[in-house]
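Colleague: I am new to this one and would like to learn how to read it. Could you show it to me and take me through it feature by feature?

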Amino acid sequence: MLSDTMQAALNEQIKAEAESSQIYLAMASWAEVKGFDGIASFMFRQSDEERMHMLKLVKYVNQRGGHAIVSALDEPKLDYSSFQALFRQLYRHEVKVSESINNLVDIALSQKDYATSNFLQWYVSEQIEEEATAKLILDKIDLIGDDKGGLYLFDNDMKNFSAAGHNIVQ
């Protein structure tokens, strides 16, 4: 059984994962409208992945005798001035999610809820990958600078971008 504190914290994480999915979806829509098909494809895939993360938490809370809450979401407030700005926001968001996951692990351990701590280790590993992916993409963007040819190649590369294909820890 989950404690009330643990259940409340997990429900906050469910909301955070849903917000992550919404952020990626908003970014995907912007990229698609701007003609960045590769970036849009990447963002749509990431949105789906974040939704899967949310559903995994929902199932866990319910299976542990809790009640997973699906909360209302606000429209993502994003800087759409450039694809560089979007990816910088993305990286900062992933760092924030990592902090949230670490806080959940801390709560689980302080309550001696080892089952939840064990469950959350998957999210800890996932966030290492998410941050590394975002950082790698930012490094590529910095290399491109304002070069239009580089942007074209970057966008094309993003169609098939995966953490596994770039030797990022999984």
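Modeller: Helices (H or I, at least four residues) and strands (E, at least two) are DSSP runs, numbered from the N terminus. The expected span of a helix is 1.5 Å times one less than its number of residues. Before we use that, please keep in mind that this is a predicted model, where local features need pLDDT of at least 70 and side-chain atom pairs count only at pLDDT 80 or more, while totals for chains, interfaces and linings use all residues. Residues are numbered from 1 along each chain as its sequence is written, and side-chain values use heavy atoms, with hydrogens and water left out.

Colleague: How many residues does α2 have, and what distance does it reach from its first C-alpha to its last?

Modeller: α2 has 27 residues and reaches 39 Å, close to the 39 Å expected at 1.5 Å a residue. For α1, the 30 residues should span 44 Å, and the end C-alpha atoms are 44 Å apart, which agrees.

Colleague: What should I look for just after α1?

Modeller: Look at the backbone angle phi. Most residues other than glycine have a negative phi. Just after α1, glycine 35 takes a positive phi of about 90 degrees. Glycine 65, which follows α2, has a positive phi too, near 85 degrees.

Colleague: Which residue other than glycine has a positive phi?

Modeller: Lysine 112 is one, with phi near 55 degrees. You will find lysine 112 in the loop between α3 and α4.

Colleague: Is lysine 112 buried or exposed?

Modeller: The general idea is a cut-off on relative accessible area: buried means under 20%, exposed over 50%, and partly exposed in between (1.4 Å probe, protein chains only). Lysine 112 has a relative accessible area of 61%, so this residue is exposed.

Colleague: Now for the inside. What is a nonpolar core?

Modeller: A nonpolar core is a set of buried Ala, Val, Leu, Ile, Met, Phe, Trp, Tyr and Cys residues joined through side-chain atoms within 4.5 Å. Here, the largest one has 25 residues, and Ile39, Met43, Phe83, Phe87 and Phe154 touch the most other members. At least two residues of this core come from each of α1 (4-33), α2 (37-63), α3 (83-110), α4 (114-144) and α5 (148-158). With seven residues, α1 gives the most to this core. Apart from it lies another core, of 21 residues, among them Met6, Leu104, Val105 and Leu120.

Colleague: Which residues is phenylalanine 83 in contact with?

Modeller: Contact means heavy atoms within 4.5 Å. Leaving aside neighbours within four places in sequence, phenylalanine 83 is in contact with Trp30, Phe36, Ile39, Ile141, Leu151 and Phe154.

Colleague: Where are glutamine 13 and isoleucine 101, and what do they touch?

Modeller: Glutamine 13 has its place in helix α1, and isoleucine 101 is found in helix α3. Glutamine 13 is buried, because its relative accessible area is 1%; isoleucine 101 is also buried, with a value of 1%. Not counting residues up to four places away in sequence, glutamine 13 touches Leu57, Val97, Ser100, Ile101 and Leu104.

Colleague: Which residues line the largest cavity?

Modeller: The lining is made of Tyr24, Phe42, Gln46, Leu90, Glu94, Glu130, Thr133 and Ala134. Two or more of these residues come from each of α2, α3 and α4, and α4 gives the largest share, three residues.

Colleague: One of them is glutamate 94. Is glutamate 94 buried or exposed?

Modeller: Glutamate 94, in helix α3, counts as buried because its relative accessibility is 1%. Not counting residues up to four places away in sequence, glutamate 94 touches Tyr24, Glu50, Gln127, Glu130 and Glu131. The C-alpha atoms of glutamate 94 and glutamate 130 are separated by 6.6 Å, though these residues are 36 apart along the chain.

Notes: 1 Å grid on protein atoms, 1.4 Å probe; cavity = no way out; pocket = protein on both sides within 12 Å on 5 of 7 lines; lining within 4 Å.
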